[in-house]
Amino acid sequence: MLIIAVSKGRVSKKFIEMLEALDYTFPDLNSRQLVVRDSTDQIALILVKADDVPTYVERSVAQLGVVGNDVLLEGDYSVYELLDLGIGKCRMCLAGPKGLEFDRFDFVSIASKYPQQSRNYLKETGKLGSVTKLNGSVELAPIVGISDFIIDLVETGKTLEENDLVVYETITQISSRLIANRVAFKTQNDEIKRLIDRLKEEPV
Amino acid sequence: MLDVKVNAFSEVTDIFNALEQFAEPYGYERFYPETLSPFSEAGAGLSEKRVKLVAPTGEILLAKHDPTVLVTRHASQIPFENSGFTRYFYTTTVLSMEKQSLYGIEETLQGGYECYGDGSIGSDAEIVHLGRTLLESLGVRSLKIDIGEVNYLHGLIDMLSLENGNREKILRLVENRNIPELNALCRTLELSPELEAALLEIPLLFGDPETVLKRGRQYAQNARMQQALDRIEGLVELINRMMPDAEKQCQISVDLSFSNQQAYYTGTVYKFYAHETGKSVLSGGRYDNPFGTSLYACGAALHIKNILEVMQMNAGKPKSKTDFSIVYTESAVYEAFDLADALRNRGYVVKCNALSKDLFTLYKSNFFSSTRMILEMDRDTLKVIDQRDNTTYKTSPEKLLNTLARDAELSSIH
C-alpha cells in the first residue's frame with residue numbers, strides 16, 4: 001500500500017478527484033477522518049497541513065506527498081520532487097503599493113509568509129533589507145507600515161487589487177508537486193512509478 | 001525514541017565491538033581521532049557546521065571534528081613508500097552545529113573504516129563486503145545495496161557548457177530527482193536532443209544492475225561515462241563473487257544519479273539500506289586525491305542511529321537485565337543486604353532498594369520491567385514474585401539460595 005500525505009483543503013480535494021478519475025474510490029471520504037483508504041487498500045491518504053507534508057514524507061510516515069513547491073522552496077527537505085501535478089497553480093510575486101520603484105530603494109523591507117525566499121530574493125537582487133515573517137493577511141503589511149513590499153502567492157491578483165497593491169515581479173511559478181521519500185522511491189519503485197505513469201496520463 | 005545514553009548503550013557497544021572484530025581481520029588498525037584539531041583541517045564546505053573554540057593563543061580550533069577528515073589527513077601525510085596500503089577504523093562522537101538541537105550543538109556517534117593506497121575496484125568491493133559482514137553480525141540482514149559512480153553524471157555535465165550556477169543547479173535537481181524543475185531548466189539551456197534526453201533520464205537510471213547498465217550505455221555520451229559504467233559492472237561482478245549468497249538476503253542495485261553535490265566523492269559510491277526500516281545504515285565511496293595528494297582513498301561510515309533502530313526491532317522485548325529486585329522494609333535492611341550479597345556472589349544481577357513506596361506504585365512505574373524475580377522482604381517473611389511465570393510464594397533466604405543452587409535452569413539465567 002502507498003501512503004500519501006496530502007495538504008488538506010483545495011489541494012486534497014483536487015488530488016482526490018484525480019485519483020477518482022483513475023478509478024480509485026474512497027468510501028470514508030466524507031467522514032472527519034484524517035486517514036482515508038481507497039476501497040482496494042492500494043492507497044491511504046493522510047490529510048495534514050501543507051507545511052507538514054514534507055516532514056511526513058521525509059520521516060518515512062508516508063512514501064509520497066502532495067504539496068505546493070512554495071513549501072518545498074521555503075524548507076530544506078530531503079525528498080524527491082517527482083511530478084508537477086498542475087493543481088493549485090499560482091505565482092510567487094514581489095508586490096507593493098502602486099508607484100514604487102524597487103531599484104531606487106537602498107534598503108528594502110519585505111513582509112512575507114516566506115522569509116527564506118524573501119532573504120534569497122534580497123540576496124539575488126543585491127539589496128540590503130529586512131524581512132518580517134507574517135502568517136496571514138500579508139497584504140496589510142505595506143498599508144500599516146510594516147514593510148515597503150511583500151512577497152506572496154498571487155493567483156488572480158484580485159486581493160492585491162482590492163488593497164491597492166500591484167505585482168512588481170514574478171519570482172517563480174508555484175503548483176502542487178508529487179514528492180517521494182528517498183528510500184521508498186527505490187524500495188517501492190514499481191508501485192510509485194505505476195501511479196506516476198497513471199497520473200501523467202490524467203489531464204488536470 | 002531511542003535513549004542512547006541508557007537503553008541503547010549496550011547495542012552501541014555491540015556495534016563498535018563488531019566494527020573492531022570484523023575490521024581487524026582485514027588489516028584495519030584503530031585510529032584515535034583527537035578531540036581538538038586546527039581549523040585549517042576543517043575541509044572544504046565543512047567549516048560552517050563545525051564547533052569551534054578559540055585557544056588561549058588566539059588560534060581557532062575544531063572540537064570533535066569529523067573523524068574521516070582527520071584519518072585521511074593522517075594517511076595523506078605518510079609517504080606511500082613508508083605505508084603502502086593502510087587501513088584504519090574509528091569509533092567516536094562528533095560535534096556539529098545543528099539549529100534544532102538543544103544549545104544548537106549536536107553530538108552524534110560515528111564509526112567507520114577507510115582504506116588508502118589502493119585505487120582498484122577490489123578495495124571498493126572489500127569495503128562493501130566488510131560492511132555487509134558486520135551489519136549481518138548485528139542482525140541487519142535484509143539489505144538493499146545501491147552502487148553508483150559520480151563520473152557518469154559528471155561526464156555528461158562536462159559536455160553541457162553550463163554557466164551562471166547552472167552546474168550546481170543541475171546537480172541539486174538530479175540529487176532531488178526534481179524532474180519538473182529539471183525539465184524546465186532543460187528548456188532554457190538549448191541542449192542537443194541527445195544530451196537533453198540523457199540528462200532527463202539520469203534521475204530514473206536506477207534498479208537492477210543488468211537493466212540499468214544496459215540503459216546507461218544507451219545514454220553514455222563519452223568515454224568518462226562509459227568508464228564509470230565499466231567500473232560499476234566490474235564492481236558488481238566482484239561483489240556477487242565475494243558474496244555468492246547475497247541474492248538471498250541482499251538486493252544489489254545500481255543508481256547512476258549519485259550527484260556528489262559536495263564534490264567529496266570522486267568515483268564509486270555505495271549506500272546500504274535496511275529493508276526493515278527503509279533507512280540507510282551505511283554509506284561510503286571513493287574519494288581519491290584528498291587534500292591535493294595522489295592518494296587513493298575509499299571508505300564507509302555506519303549510520304549508528306539507524307542500525308540501532310533495526311537492532312531494537314529485531315530484539316523484540318528488551319532483555320531482562322536484572323535477575324532479582326529486592327525491595328525491603330526498614331526493619332529488614334540487614335537481611336536484604338545479606339541476601340543481595342549472597343546472590344551477587346552466585347553471579348546474579350541484583351538491585352536492592354528500600355520499599356519507600358507501596359509495591360503497587362512501583363509496579364505501575366517501570367521499575368520492575370526488566371527484572372526476572374522480585375523479592376519483597378520483611379523481617380520475618382520473604383515473598384518471591386517470579387515474573388517469568390507470574391507465580392508468587394513465600395520462602396526464606398536460605399531456602400531460596402538452596403533452591404537456586406539445585407535449579408540448573410535458574411543458574412543460567414542469562
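**Strand β4 of chain A**

In this predicted model, five of the five residues of strand β4 (residues 64-68) of chain A are buried, so the strand is largely enclosed by the rest of the structure.

Q: Which residues of β4(A) are buried on one side, and which on the other?
A: In a regular strand the side chains alternate between the two faces of the sheet. Both faces of β4(A) are covered.

Q: Which residue of β11(A) stands opposite Leu64(A)?
A: Strands of a sheet pair through backbone hydrogen bonds, either parallel or antiparallel. Strand β1 (residues 2-7) of chain A runs parallel to β4(A) and is joined to it by three bridges, with Ile4(A) opposite Leu64(A). Strand β11 (residues 176-181) of chain A is antiparallel to β4(A), with five bridges between them. In β11(A), the residue opposite Leu64(A) is Ala180(A).

**Chain A as a whole**

Q: What percentage of the residues in chain A is buried?
A: Chain A contains eight helices and 11 strands. Its C-alpha trace spans about 60 × 30 × 30 Å along the principal axes. A residue counts as buried if 20 or more other C-beta atoms lie within 10 Å of its own. Of the 204 residues in chain A, the buried share is 37%.

Q: Among contacts in chain A between residues at least 6 apart in sequence, what percentage joins residues at least 24 apart?
A: Two residues are in contact if their C-beta atoms, placed from the backbone, lie within 7 Å. Among the contacts in chain A between residues at least 6 apart in sequence, the share that joins residues at least 24 apart is 67%.

Q: How far apart do the C-alpha centres of domain 1 and domain 2 of chain A lie?
A: Chain A is divided into domain 1 (2-88 + 175-201) and domain 2 (90-173). Their contact takes five residues from domain 1 of chain A and seven residues from domain 2 of chain A. On the side of domain 1 of chain A, these are one nonpolar, two polar and two charged residues. The C-alpha centres of the two domains of chain A lie apart by 30 Å.

Q: How far apart are the C-alpha centres of domain 1 and domain 2 of chain B?
A: Chain B is divided into domain 1 (9-315) and domain 2 (322-411). The distance between the C-alpha centres of these domains of chain B is 51 Å.

Q: Which elements of chain B each supply at least two residues of the side that touches chain A?
A: In the contact between the chains, 12 residues of chain B meet 12 residues of chain A. The chain B side divides into four nonpolar, five polar and three charged residues. The elements of chain B that each supply at least two residues of this side are α7 (179-189) and β8 (206-207).

**Sheet and helices of chain B**

Q: Which residue of β4(B) stands opposite Leu53(B)?
A: An open sheet of three strands has the order β2-β4-β3 (chain B), with antiparallel pairing. Opposite Leu53(B) stands Leu61(B).

Q: Are α5(B) and α10(B) roughly parallel or roughly antiparallel?
A: The axes of helix α5 (residues 150-157) and helix α10 (residues 223-242) of chain B come within 8 Å and cross at roughly 170 degrees. Angles over 145 degrees count as roughly antiparallel. The relation of α5(B) to α10(B) is therefore roughly antiparallel.

Q: Which residues of α10(B) meet α5(B)?
A: The contact of α5(B) with α10(B) divides into five nonpolar, three polar and one charged residue. From α5(B) come Asn151(B), Tyr152(B), Gly155(B) and Leu156(B). Their partners in α10(B) are Arg224(B), Met225(B), Gln227(B), Ala228(B) and Leu229(B).

**A loop residue with positive phi**

Q: Is Ser161(B) buried or exposed?
A: Ser161(B) lies in the loop between α5 and α6 (166-175) of chain B, and its phi is near 40 degrees, a positive value in a residue other than glycine. With 9 C-beta neighbours inside 10 Å, Ser161(B) counts as exposed.

Conventions: Residues are numbered from 1 along each chain as its sequence is written. Chains are lettered from A and ligands numbered from 1 in the order in which they are written. This is a predicted model: local features need pLDDT of at least 70, side-chain atom pairs count only at pLDDT 80 or more; totals for chains, interfaces and linings use all residues. Domain bounds come from an automatic or database domain assignment. Ala, Val, Leu, Ile, Met, Phe, Trp, Tyr, Cys and Pro count as nonpolar, Asp, Glu, Lys and Arg as charged, and the others, Gly among them, as polar. Helices (H or I, at least four residues) and strands (E, at least two) are DSSP runs, numbered from the N terminus. A residue is buried if 20 or more other C-beta atoms lie within 10 Å of its own, exposed if 12 or fewer, and partly exposed in between; C-beta atoms are placed from the backbone. Two strands pair if DSSP finds at least two bridges between them. Axes are lines fitted to C-alpha atoms, for helices over the stretch in contact, and angles run from 0 to 180 degrees between N-to-C directions. Angles under 35 degrees count as roughly parallel, over 145 as roughly antiparallel, 65 to 115 as roughly perpendicular and the rest as oblique.
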